[in-house]
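Subject: Structure handover

Hello,

Here is the structure for you to look at. My notes on it follow below.

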Amino acid sequence: PTLLQASLMRAELLPGAPPNSAVNLENLVLEMTDHRENLLSEIRARLRQEESKAAEAQADDGAEDGDDDGDMGRKLGFVMGVVNWLGTTYGQESWRDPSRRRLVELKSSGPLAKGKLHALVAPDRKGGDVLTQDTPNSWHQITLMGGCKCSPISYSLRHPRKSKAGYLRSWKLMASNDGENWVTLKTHDDDHALTDKGYAFTWKVRSNGFFYRSFRIQMIGPSSSGNNVLNCDGIELQGQVLKGGVIFEVGTQKTAEKFEESHLEAGDLQCFGQGNNGVLGIATLSKQNNPVEIPKFSFNGQSVVKLSIYYNHCIALTSAGHVYTWGSGISNALGHPKLGMKDVYRPARVEFESNEDLTFMDIAAGYDFSLFLDSDGKVWSCGRGNYGQLGNSKTAEKTPSKAFETEELQ
């Protein structure tokens, strides 16, 4: 206010302004804008300093788990996600125990020493303690039913609210589709994130776009009490859920906003915006307001090295030199002759005229047509060719064929 009052007086806009003190209004506005930006910058810097001090004061010794999850995981606590979504019938009803409705299946490594397994999926700590016997490699397991699979980006655990001992220290999150073959999604070695009764924490996870039915928390070392009792009363997953060929984002917005570092790596792919004609590549026509990862299994586990997009059809080139298309199939621009001009909602590998195992090094999407440059310098094309854009005198082409029969691009 003092700065504003002084500036207005200089512009002779307030009573008491000294004579002959008028200034150019444009310069005045610029001057006030500079002051404002300087003040805002100083305020932001001070806020960052205060937040840093507060985080340091709150952190317990050794609370970090080595993946820079510490402060954010603590602030997030227990984030409702896939299990709660199933308990509310996909977010449409009031919560009812999903394990008793056969929406999830719960297992443990053996008979429990205390509690009941359904407490693992009860919201708001209403379920009570769930303790295994004192046996090495004790575990709890959740299996999604009803044809659901999950590709998690994070997960949450909660320590029993009445227990001041037996905190998890060394364990791993594992995933499987058949209950026999397991992959490790995250390993915790002497992790001190859970440090008090009722304490909850959320960790980032890399599932590389793969979807799984079963998830297991398995101890790989003693608890803070020196025994092998798995002491836990809540497990939750946040990520993409695949159900009936459609992908749902469940519990991810909050974690995505809080975890500032992207969980993506080079070659991973995200999409957002309108889903017309399946152009997003995630098996839905719905609009996506937030970035959604296109699962890497859509490209046979390969990284995407280049994209080309024209309106509602997309082309992707992978690290193996393979070409995938999806979106609008009008004029056969996608190169899938067996599908005709149908829209394609997921990335599908392009079928070429030759039966050779071709690899490619460049791609281009045009108005209802597509071009592909193979590793030998030959150009292939498909789609609309009414203006000669296919390069082979054809006006339409269902299956990608060579655009130049006698020349090669060097």
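A definition to begin: buried means under 20% relative accessible area, exposed means over 50%, and partly exposed is in between (1.4 Å probe, protein chains only). This is a predicted model, in which local features need pLDDT of at least 70, side-chain atom pairs count only at pLDDT 80 or more, and totals for chains, interfaces and linings use all residues. Residues are numbered from 1 along each chain as its sequence is written, and side-chain values use heavy atoms, with hydrogens and water left out.

Overall picture

The protein chain has 5 helices and 22 strands. Helices (H or I, at least four residues) and strands (E, at least two) are DSSP runs, numbered from the N terminus. Of the 410 residues, 46% are buried. The accessible surface is about 20,900 Å², and carbon and sulfur atoms hold 49% of that. Those areas come from the Shrake-Rupley method with a 1.4 Å probe; for residues, only the protein chains shown count as cover. Among contacts with a separation of 6 or more, 58% come from residues 24 or more positions apart. Contact means heavy atoms within 4.5 Å.

5 strands make an open sheet, ordered 1-4-9-6-7, with antiparallel pairing. Two strands pair if DSSP finds at least two bridges between them. Strand 1 (104–108) and strand 7 (182–188) are at the edges with a single partner strand each, so one side of each has no neighbour in the sheet. Strand 1 pairs with strand 4 (residues 139–144) over 5 bridges, in the antiparallel sense. Lysine 107 has glutamine 141 in strand 4 as its bridge partner.

Positive phi

Most residues other than glycine have a negative phi. Aspartate 190 is not a glycine, yet its phi is positive, about 55 degrees. Aspartate 190 lies in the loop between strand 7 and strand 8 (200–204). Its relative accessibility is 46%, so aspartate 190 counts as partly exposed. Asparagine 332 also has a positive phi, near 60 degrees. Look for asparagine 332 in the loop between strand 17 (323–327) and strand 18. At 10% relative accessibility, asparagine 332 counts as buried.

The hairpin and its aromatic pair

Strand 19 and strand 20 run antiparallel, joined by 6 bridges. They form a hairpin with 2 residues between them, and aspartate 368 in the turn has a positive phi of about 65 degrees. Isoleucine 363 stands opposite phenylalanine 372 in strand 20.

The whole structure has 12 aromatic pairs. Rings of Phe, Tyr and Trp (its six-membered ring) pair if their centres lie within 6.5 Å; planes under 30 degrees apart are stacked, over 60 edge-to-face, and the rest tilted. Phenylalanine 352 and phenylalanine 372 have ring centres 5.3 Å apart and planes at 80 degrees, so the pair is edge-to-face. Phenylalanine 352 is in the loop between strand 18 (344–349) and strand 19 (360–366), and phenylalanine 372 is in strand 20 (residues 369–374), so the pair ties together parts 20 residues apart in sequence. Phenylalanine 372 has 1% relative accessibility, so it counts as buried.

Other rings

Tyr155, Trp171, Phe201 and Trp203 form one aromatic cluster. The charged end of arginine 158 sits over the ring of phenylalanine 78, 4.3 Å from its centre. For that, NZ of Lys or CZ of Arg must be within 6 Å of the ring centre and within 35 degrees of the ring normal. Arginine 384 has its charged end over the ring of tyrosine 367, 5.8 Å from the centre.

Best wishes
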